[in-house]
Amino acid sequence: MKIRFFLASLLLASTLPSGLSATITSTWLAAADGNWNDGTKWDTNPTFPNNALPTTYDAILSAAGPAYTVTLNTNITVEDLLMSSANATLSHTSGIFSATGAITLNAGKYSLAGGTISNTTVNQAGGALEI
């Protein structure tokens, strides 16, 4: 019986589309300073948003409260980034940031101070983009 179950599982796995992937929405938890790559700051703890196929991420900075800064100082790729908190600053100090979909800046500030934005469209409906 166990062999049949194993063979059935193997057959099912081999018939799934090879491009099957999942996009996870990851939201910064609180209006508190921190580094992008600190998984405890995201609701996907212990992971932080950084695409690793077959998983991709939509990252959201929307925490309300006092002013806070998220420091990005490493190479990161996500599907989309949405900034919608007026009190959020994304301080991109080093590394390459790529959003294969788009960066949507509705509020807050994206400060490019030493890093590189690559292969990305920036949609700005509000907030500030400092270069």
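Is Ala 22 buried, exposed or partly exposed? Ala 22 counts as partly exposed because its relative accessibility is 37%, where buried means under 20% relative accessible area, exposed over 50%, and partly exposed in between (1.4 Å probe, protein chains only). The model is predicted, so that local features need pLDDT of at least 70 and side-chain atom pairs count only at pLDDT 80 or more, whereas totals for chains, interfaces and linings use all residues. Residues are numbered from 1 along each chain as its sequence is written, and side-chain values use heavy atoms, with hydrogens and water left out.

The chain contains one helix and 11 strands; helices (H or I, at least four residues) and strands (E, at least two) are DSSP runs, numbered from the N terminus. Along the sequence the pattern is α-β-β-β-β-β-β-β-β-β-β-β. Of the 131 residues, 32% count as buried. The chain exposes about 7,200 Å², and carbon and sulfur atoms supply 57% of this area; accessible areas come from the Shrake-Rupley method with a 1.4 Å probe, and for residues only the protein chains shown count as cover. Among the contacts in the chain with a separation of 6 or more, 29% are made by residues 24 or more positions apart, a contact being heavy atoms within 4.5 Å.

Ala 22 lies in strand S1 (residues 22-27). Leaving out residues up to four places away in sequence, Ala 22 touches Pro 54, Thr 55 and Thr 56. Pro 54 is 32 residues from Ala 22 in sequence, and the two C-alpha atoms are 6.4 Å apart in space.

Five strands make up an open sheet with parallel pairing, in the order S2-S4-S6-S8-S11. Strands S2 (34-35) and S11 stand at the edges with a single partner strand each, so one side of each has no neighbour in the sheet. Two strands are taken to pair if DSSP finds at least two bridges between them. In general, strands of a sheet pair through backbone hydrogen bonds, either parallel or antiparallel. S2 runs parallel to strand S4 (residues 68-72) and is joined to S4 by two bridges; Gly 34 stands opposite Val 70 in S4. S4 also pairs with S6 in the parallel sense, over five bridges, and Leu 72 has His 92 in S6 as its bridge partner. The covered face of S4 holds Tyr 68, Val 70 and Leu 72, while Thr 69 and Thr 71 are on the uncovered face.

Thr 89 belongs to strand S6 (residues 88-92). Thr 89 counts as buried because its relative accessibility is 17%. Apart from neighbours within four places in sequence, Thr 89 is in contact with Tyr 68, Thr 69, Val 70 and Lys 109.

The structure holds one salt bridge, defined as a side-chain nitrogen of Lys or Arg within 4 Å of a carboxyl oxygen of Asp or Glu. The side chains of Lys 109 and Glu 130 form this bridge, with an N to O distance of 3.7 Å. The pair links distant parts of the chain, with Lys 109 in strand S8 (residues 109-112) and Glu 130 in strand S11, 21 residues apart. Lys 109 is partly exposed because its relative accessibility is 27%, and Glu 130 is partly exposed, with a relative accessible area of 37%.

Ser 98 is located in strand S7 (residues 96-105) and counts as buried because its relative accessibility is 8%. The side chain of Ser 98 reaches the backbone oxygen of Ser 118 at 3.1 Å. With neighbours within four places in sequence left aside, Ser 98 contacts Ile 76, Thr 77, Val 78, Ser 118, Asn 119 and Thr 120.

On the surface, Val 122, Leu 129 and Ile 131 form a nonpolar patch, with about 280 Å² of accessible area together. Patches are made of residues with over 30% relative accessible area and no salt bridge, like charges being joined within 9 Å and nonpolar side chains (Val, Leu, Ile, Met, Phe, Trp, Tyr) within 5 Å. Ile 131 is in the segment after strand S11 (128-130), and counts as exposed because its relative accessibility is 82%.

Notes: A polar contact is a pair of N or O atoms within 3.5 Å; within protein, one must be able to donate a hydrogen and the other to accept it, and residues adjacent in sequence count only if both atoms are side-chain atoms.
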